[in-house]
Amino acid sequence: MNSRTIFKQWTNKYSIATSVLVFLVFSAISLFISTGRVGIDIWYANMAFGLLLSLQSYHHWVKHCLIIFSINLLLYVLVDKISTIAIITILSNIIEAVLIALLVKQAMLKKVNGYNVLEFTLLLYKVVVIPSVLGALFFACVEVNLGNQPWFSAFSTKLIATVLGAVSIFPLGYYICHTKKQGQTQYEHKSILLIALTTVINVVALKYLPFPYAYTSLALVLSALFMPFSMVSINILVNSIVSLYFVSIGLITITKGEHAETLFLLPMLITYITPALLSAALTSYRHTYAKLTSAHATIKRMYDYTPVAMLSIDSKGIVNAVSEQWLDLLGYTREDVLGRRAIDFLTPNSREYAINYVLPEFFKLGKVENIRYQVQHKKGMSIDVELTSVMEPESLHLGKYFNSLAVIKDVTTEITLTKKLAQDRELLETTLMSIGDGVIATDVHGLTRFVNPIAESLLGVRRGEMLKRPAENYIHLIDRHNSTRLPCPIRQVLDSRKKYTFEQDAILVSKTGVQYSIQDTTTPIVSSKGELQGVVMVFQDVTELVASNDRMAYLAQHDSLTGLPNRTLALDRLHQACSKHTRVPQAFAVAFVDVDNFKKINDTHGHDTGDVILQTIGKKLNTILRSSDTAARIGGDEFLLLLHDVVDRQAISQVYEKLNTAISEPIIVNKKAVSVSVSIGVCLFPDDGTAPELLLKNADEAMYHSKSQGRNRLSFYSQSVDIKTFNYMSLSDFISDPSINFNEIFYITPLIKAVDHSIQGIIIGYDFSSVLPQCESADVFTLAQKQGVFSKLSRKWFLGLNKTLSGIRGETLKDITIRVDDRHLVSSEFYLAIEQTLESLNIAVEKIVLSFKESVFFHDNKITISAINKLKNLNIRLDVREFGVNSISLDFLNIVPLDSVTIGAGLTSQMETEQHNEVLAYTLIKLAKSVNLKCTAVTVATSYQATLLEAMGCDYLLGSYFYKPLPIEQINKLIDKPCNIMLVSSDY
């Protein structure tokens, strides 16, 4: 017995006590919230009492209402005092509860399904909105007459408070009081934990986050997916009470202003309605699914044990269901039968008969009756049966075959008797049984004696023209593979006196020139004495079957979406190429092509759009590549290219340029332009390997190197290997080399004010590849730390920085922001080096801003924060770049004394193609502004991005839309005008 049953039994036995207890509890909660330090006008009791009242018969209502009226008066005496408005409010509450009970009773008489989302919504509207509106109207009129507050203010406040209270109570109360039992409710620990988690999220969102109800609504909706309706109802009530409790005690503040309370409660109301409706819909779906499952099981049992031999066949002729009677008749198990073709259980003759006569008739009429077949018993014996089959009505109505139902009856005894009566006509019976195929019979000299209609039709010659003439005159066969003339099978049998067969490899050319693929068996006719009487040729038109087989063979080696060769065919061609070029040395290339951000395209635009993009790329690959090359789709968004007779990398680069130009053109899908790029990895035979598996591995590795370098590029396997090789090289010689000018690793780019696009300053980045080409894209500082030369490299870095800064005329500069590595920040030598730089260059400390990556907080926080505070004590300003890129807590905004943030490059660069990047950039800018931080956006490449970022409130912009890196001489000319300088990372 569950808690709901116990509650109903208690209510029936102690109805008045239950009403009083429930009313007191919810009245007390409401009054506590309303009379708190920050009073919120909320009232839960009306809905609770109304639902309980609806369980009672009408003649008990007066008694319940009088008792609740008395309890209400007592509560007012304890809390405040008796007044006219108090009595009027109590009467209004009693009337509203009675109206709720009447509406619920009416719904129960109409047998409203509380788990049907539409009916539940209508019931929620009637029971919650109508009484609340009437109660609010009555209350507002009284308030106006008493001169307490304006009508609209009184009405809106009372309405929202009453509706919110009612919505919070109604789902749980309705579930307990009026829904039918739908199985034992499982109050699992998971549900309780979800309620607790949702409550915590609700309070945290209200206290600390902007747009708190978005988070609360999301938490409630997600929890509704994993909890029964009863627990969702409890979750809604608990969150409602907890939210208003924290408001009432002043833990959560409400924005001041006119209608502030209404504007606070209205979104809360919407937040609690959504999960209730979702849970009702999910509950309805679960109940419906359970019924369908039960019905399906019942129907399957009835089908399996029907007292006739019956089977169901799908549109491809595959058996998908079979009765026990059928299995007993043929001796098979269900596992032996399901998934096989129905005609597989026929004898060869019956199978031919079915294909040529029965099935065409069946597809034409939609049914066949009393068809004689022979079926094969599992033990090998043949059983004569009579078949009746009918097509599903939907198939006939729509003109397309879906499924059919067939019943067979064992007529073995009847057939046996018929055969015994016709033994003396064996030759004639054999001939008649062969009329399903084309049949030609000749005498011993090869002159035609008999031609059946099908043979006449296929040959395109009238029967009178063939009789008594040599068969070679009108039987013209060619090989279907090479079109060479084939010998006449009748002449072959006459000469050899042996059976002659063509297995779907012959094409019959009719007199009119029409070609048919045929399957032919030509047999000598021998008398009982062993004398040759003639030849019979039996052949059937298998044109469609051959075409189907060819199509299946094609599909087995080609991708169904793009029409390109699939992985199987591509690997076969790769193996052939390796084998061929091993014998005859010649270079070829293997390339992996991967569509960048394809998952985002699918998530943003849908899988149909993704399919169109893959088809378009497949067409472009076929257009660009030569006929001797291979372009294959090997899975998902990956393609494999085999490029033969390539001379060098330049030739491959030219192919890539053509491919990149073609693919970079926006693809129009459903009137929307979708931009696509690809990352390509290439390896060469035999330089990068001679085995197919090694070539594939190396090309794949090169492709992932392209991905790691920012996508939309071509990488050769040897290049990716160079990067790996670099990780093992020694930096000592590099650092000690006096010929290296470390100031050459720095480059300078102007920084732009977002408001008026004037020059605010400059950006100094660094790139070691300018003096150490083999280190492109490698983390040199990480390598230096591994080799124990980090301090030496840092000193050289600072020398280069000092030389770069000394060449800039910085008198008019306001800000100098220096980008530092994470390891710089926590280095004990860094503080002294910064101090020495400022002193030696005589730069005012208030101009300095140090910029470090957000990922610095992955290090020991105590050491990091201590180093940051020490730098802050020098009056140096601090900036965090790649803001929002790493998945770390944003608590550092409250802990670290920052002055500005720089948004990650990936967000701004793809705002035009990735809408969620635009939303995320806006959110990060607003977050920075909310804590009084300046904000910079990088990689601004278009006017659209610049305008949008300015509108979002971004302070500074930089990117190729304004300036690319410039020499110091040009920078000095620019900063002669008032501007600022900002040193940021080389990856900007």
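Hi everyone, let me start with a pair of residues: Lys 707 and Asp 596 are both buried, where buried means under 20% relative accessible area, exposed means over 50%, and partly exposed is in between (1.4 Å probe, protein chains only). Before going on, a word on the source: this is a predicted model, where local features need pLDDT of at least 70, side-chain atom pairs count only at pLDDT 80 or more, and totals for chains, interfaces and linings use all residues. Residues are numbered from 1 along each chain as its sequence is written, and side-chain values use heavy atoms, with hydrogens and water left out.

Back to our pair. Lys 707 and Asp 596 form a salt bridge, with the closest N and O atoms 2.9 Å apart; the term means a side-chain nitrogen of Lys or Arg within 4 Å of a carboxyl oxygen of Asp or Glu. Helices (H or I, at least four residues) and strands (E, at least two) are DSSP runs, numbered from the N terminus.

How many salt bridges does this rule give? The count is 17. Another one joins Asp 955 and Lys 929, at 2.6 Å from N to O. Here Asp 955 is buried, at 15% relative accessibility, while Lys 929 is partly exposed, at 31%. There is also a network: Arg 372, Glu 386 and Lys 409 are joined by salt bridges that share partners.

Now for a sheet. Five strands make up an open sheet, in the order S2-S1-S5-S4-S3, with antiparallel pairing. Two strands pair if DSSP finds at least two bridges between them. At the edges are strand S2 (319–322) and strand S3 (367–376), each pairing on one side only.

Let's finish with Tyr 656. Where is Tyr 656 placed? Helix H25 (residues 649–664) holds it. Tyr 656 is buried, with a relative accessible area of 11%. Leaving aside residues up to four places away in sequence, Tyr 656 touches Ile 680, Asn 712, Arg 713 and Leu 714, a contact being heavy atoms within 4.5 Å.
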